[in-house]
Amino acid sequence: MRFSYKILPYSAMTVLLACALAGCAQKRSSTADVPRLLSSSYKISVAPFTQPTNPSQLITGQIPEEQGRIAKDALESLDLQLREALMTKTKRQYVFIPRQNLPKDWTSAYSTGQPSALGRWVEYGKKHGAMYLLIPQVLDWHERQGSQAGVTSSAHVRVEFYLVNINDQNAINRSIFEEKQVGLVDNLLGVADFVRRKGQWVTAQDLAVDGMAKAVKDLGL
């Protein structure tokens with residue numbers, strides 16, 4: 001059996017290549033897809049990073065299979081990096097809530113089987129006088145195994161950010177970032193990140209910082 005192949009005109013090939021490199025961003029289908037941005041006149045309280053480990057600690061979503069856990073000192077480092085990102089990349093006032101003031105039952109082992117933490121975060125926000133509360137969470141965390149030059153296992157993280165209206169008791173916006181770094185040969189669409197990272201294998205914290213930058217844009221901070 002013979003197969004015939006059609007060669008695309010040069011102009012069509014150019015369009016397809018440009019579309020691939022740009023990621024072919026889809027046009028928003030409705031105004032409901034437009035992010036709800038908060039006026040810069042509002043002050044935002046910022047909670048420390050936490051890692052949900054059972055469904056009762058989730059605001060939405062689910063715990064990843066074979067969830068990678070993050071160390072406490074790495075969570076504290078993310079707090080500092082988020083503070084730097086917010087203070088240098090935005091023009092807004094923030095209140096950074098100390099880590100020791102996290103809800104005492106945060107690490108409880110009970111689980112309802114469903115995401116149910118929003119109410120606790122609302123109470124937490126009220127306790128600290130927040131009007132709007134930014135909640136950063138680490139859902140999955142896998143450190144790089146190797147060095148900048150080469151790895152046996154690359155870094156992989158999933159971080160999520162929720163902006164909660166305390167008075168209305170609802171999350172008005174959410175930003176999700178997940179990436180497992182792969183080589184350029186395996187992901188030609190990642191050429192921009194490859195160049196920005198100077199062709200090096202980055203750490204999990206490096207990926208998390210990229211997630212913070214995305215959250216600043218997604219949430220209109």
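What share of the 221 residues in the chain is buried? In this predicted model, buried residues account for 39% of them. The accessible surface of the chain is about 13600 Å², and carbon and sulfur atoms contribute 54% of that area.

The chain contains 5 helices and 7 strands. Their order from the N terminus is α-β-α-β-α-β-β-β-β-β-α-α. Among contacts with a separation of 6 or more, 71% are between residues 24 or more positions apart.

The structure has 4 aromatic pairs. Two of the pairs are given in the table.

| Pair | Centre distance | Plane angle | Sequence separation |
|---|---|---|---|
| tyrosine 42 and tyrosine 132 | 5.3 Å | 70 degrees | 90 residues |
| phenylalanine 49 and phenylalanine 161 | 5.9 Å | 80 degrees | 112 residues |

Planes over 60 degrees apart count as edge-to-face. With its planes at 70 degrees, the pair of tyrosine 42 and tyrosine 132 is therefore edge-to-face. Tyrosine 42 is in the loop between helix 1 (10–22) and strand 1 (44–46), and tyrosine 132 is in strand 3 (residues 132–142). Tyrosine 42 has 33% relative accessibility, so it counts as partly exposed, whereas tyrosine 132, at 10%, counts as buried.

The pair of phenylalanine 49 and phenylalanine 161 has its planes at 80 degrees and so is edge-to-face. This pair also links distant parts of the chain: phenylalanine 49 lies in the loop between strand 1 and helix 2 (72–89), phenylalanine 161 in strand 6 (residues 156–165). Both phenylalanine 49 and phenylalanine 161 are buried.

A charged residue is also placed over a ring: arginine 83 lies over the face of phenylalanine 96, 4.2 Å from the ring centre.

Technical notes: Residues are numbered from 1 along each chain as its sequence is written. This is a predicted model: local features need pLDDT of at least 70, side-chain atom pairs count only at pLDDT 80 or more; totals for chains, interfaces and linings use all residues. Side-chain values use heavy atoms; hydrogens and water are left out. Rings of Phe, Tyr and Trp (its six-membered ring) pair if their centres lie within 6.5 Å; planes under 30 degrees apart count as stacked, over 60 as edge-to-face and the rest as tilted. Helices (H or I, at least four residues) and strands (E, at least two) are DSSP runs, numbered from the N terminus. Buried means under 20% relative accessible area, exposed over 50%, partly exposed in between (1.4 Å probe, protein chains only). A charge sits over a ring if NZ of Lys or CZ of Arg is within 6 Å of the ring centre and within 35 degrees of the ring normal. Contact means heavy atoms within 4.5 Å. Accessible areas come from the Shrake-Rupley method with a 1.4 Å probe; for residues, only the protein chains shown count as cover.
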